[in-house]
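Please read them with the structure open.

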Amino acid sequence: MTPPTPDESAKSSKKPLAPSVSQPLAQFEAAVHDMEEQVREVNARIDKKAGRPLWLAIVFGLLLGGVFVASLFFVEALFMVFVTGLVLFATLELSGAGGERPTQSTLAARGHGLSDAAVGVLFRAHRASVVSARCDRGGGRHPAGARRL
Amino acid sequence: MAVVIRLARAGFDASSRASLLADIGVAIVVLAYIPFLGSFALAVHTAPGGVWWVFTGVVVVVSVDVGAYVTGLSFGKTPLAPRISPKKTWEGFAGSALAAQIAAVLLGTLVLDLPWWAATVMGVALLGSATLGDLLESLIKRDLGIKDISSWLPGHGGFLDRMDSILPSMAVLFVLFQIFG
């Protein structure tokens, strides 16, 4: 007779639960399963009504809002870059929407949007350096409005 | 200059001359709609005290969007503009008006230190511009025969879909800033 394998011995050592424990446990598992089903159904109904996955929209909406607030209040110079990026993406989306091959002018619009963005960022950086130089000349004292580049 | 050169080249090319006028229209609309309107946000932002104005303006517009979405999804029955956007409803508009007024009066009086009536004017003006911006984007999408502008922003209909109500509102905010700021 061959000795029992570790799996077989584990199975044989597992004692069946007493009915007083197994019945409430089964009821609890069934209730959890029902709740999961209900949540899944409600989510599917909301997504169907909304036309897109709502939780994904909320997550990315909050992310975008967080970047907006951070760039607006904490790293003010970055607001320029943030707005420029959004404008650039939106320009690319609109000029390429419809799935058609981009025409000469929509390509030109994209190029113009890109150059606008680059010029804007350079202008901002130039103003920052000018104000910084004024501060240096003024012995470290910020001239009026220097904080608001 | 690059635009002028490319358009001039297209004008001399017989094969593309037919669509030249439409091309020029598209290019002007794209440039006037997004970079031009977006630049108002930067114009307000660079003015003294403009940071809080931009913050308030964007929060009011987001309140319009969220108010319309939640109320429309829960109670929406009567279509607002069925030929442009069948899902937008008057109930949603009412919710957006309420959300806009609450946000505008709270932020206008507490953050921008405006009198209550000026904050109310701001709420009404931004409600109008945000709703019209939303409808304008729906009109463009309907004209192009697409549901979403792009799939670049997961869960949303693209970056323009998020900015459609903000863009015209920034021009309105600029005017309000000149008057009350």
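What pLDDT does chain B average, and what share of the residues score at least 70?

1. Confidence in chain B. The average pLDDT (the predictor's confidence in each residue, from 0 to 100) is 86 for chain B, and 92% of the residues score at least 70. Among the elements of chain B, the lowest mean pLDDT, 65, belongs to helix H2 (residues 14–17), and the highest, 93, to H5(B). Helices (H or I, at least four residues) and strands (E, at least two) are DSSP runs, numbered from the N terminus. The model as a whole scores ipTM 0.80 and pTM 0.71.

2. Conventions. This is a predicted model, in which local features need pLDDT of at least 70 and side-chain atom pairs count only at pLDDT 80 or more, while totals for chains, interfaces and linings use all residues. Residues are numbered from 1 along each chain as its sequence is written, and chains are lettered from A and ligands numbered from 1 in the order in which they are written.

3. Confidence in chain A. Chain A has a mean pLDDT of 71, with 52% of its residues at 70 or more. Two residues are in contact if their C-beta atoms, placed from the backbone, lie within 7 Å. Where pLDDT is low, the predicted coordinates should not be read in detail.

4. Make-up of the chains. Chain A has five helices and zero strands. Chain B has eight helices and two strands, in the order α-α-α-α-β-β-α-α-α-α along the sequence. The C-alpha trace of chain B spans about 60 × 45 × 25 Å along its principal axes.

5. Burial and contact range. A residue is buried if 20 or more other C-beta atoms lie within 10 Å of its own, exposed if 12 or fewer, and partly exposed in between, with C-beta atoms placed from the backbone. By this count 17% of the 149 residues of chain A are buried, and 45% of the 181 residues in chain B. In chain A, residues 24 or more positions apart account for 37% of the contacts with a separation of 6 or more. In chain B, 61% of the contacts between residues at least 6 apart join residues at least 24 apart.

6. The core. A nonpolar core is a set of buried Ala, Val, Leu, Ile, Met, Phe, Trp, Tyr and Cys residues joined through C-beta atoms within 7 Å. The largest one has 57 residues, and those with the most contacts inside it are A:Ala90, B:Val60, B:Val64, B:Leu126 and B:Leu173. Elements of both chains give two or more residues to this core, among them H3 (54–74) and H4 (77–96) of chain A and H5 and H6 of chain B. Its largest share, 10 residues, comes from H4(A). In H4(A), 14 of the 20 residues are buried. Beyond four places in sequence, B:Val60 touches B:Ala100, B:Ala103, B:Ala104, B:Leu107, B:Gly123 and B:Leu126.

7. Helix H5 of chain B. The expected span of a helix is 1.5 Å times one less than its number of residues. For the 21 residues of H5(B) (residues 90–110) that gives 30 Å, and the end C-alpha atoms are 30 Å apart, which agrees. Its buried residues include B:Gly92, B:Phe93, B:Ala99 and B:Gln101. They pack against H4 (50–75), E1 (79–81), E2 (85–89) and H6 (116–144) of chain B.

8. Helix H8 of chain B and B:Phe40. The 15 residues of H8(B) should span 21 Å, and the end C-alpha atoms are 20 Å apart, which agrees. What covers its buried residues includes H3, H4, H6 and H7 of chain B. B:Phe40 lies in helix H3 of chain B and counts as buried because it has 21 C-beta neighbours inside 10 Å. Leaving aside neighbours within four places in sequence, B:Phe40 is in contact with B:Met170, B:Ala171, B:Leu173 and B:Phe174.

9. A backbone point to check. Most residues other than glycine have a negative phi. B:Asp113 is not a glycine, yet has a positive phi of about 60°. B:Asp113 lies in the loop between H5 and H6 of chain B and is exposed, with 12 other C-beta atoms within 10 Å.
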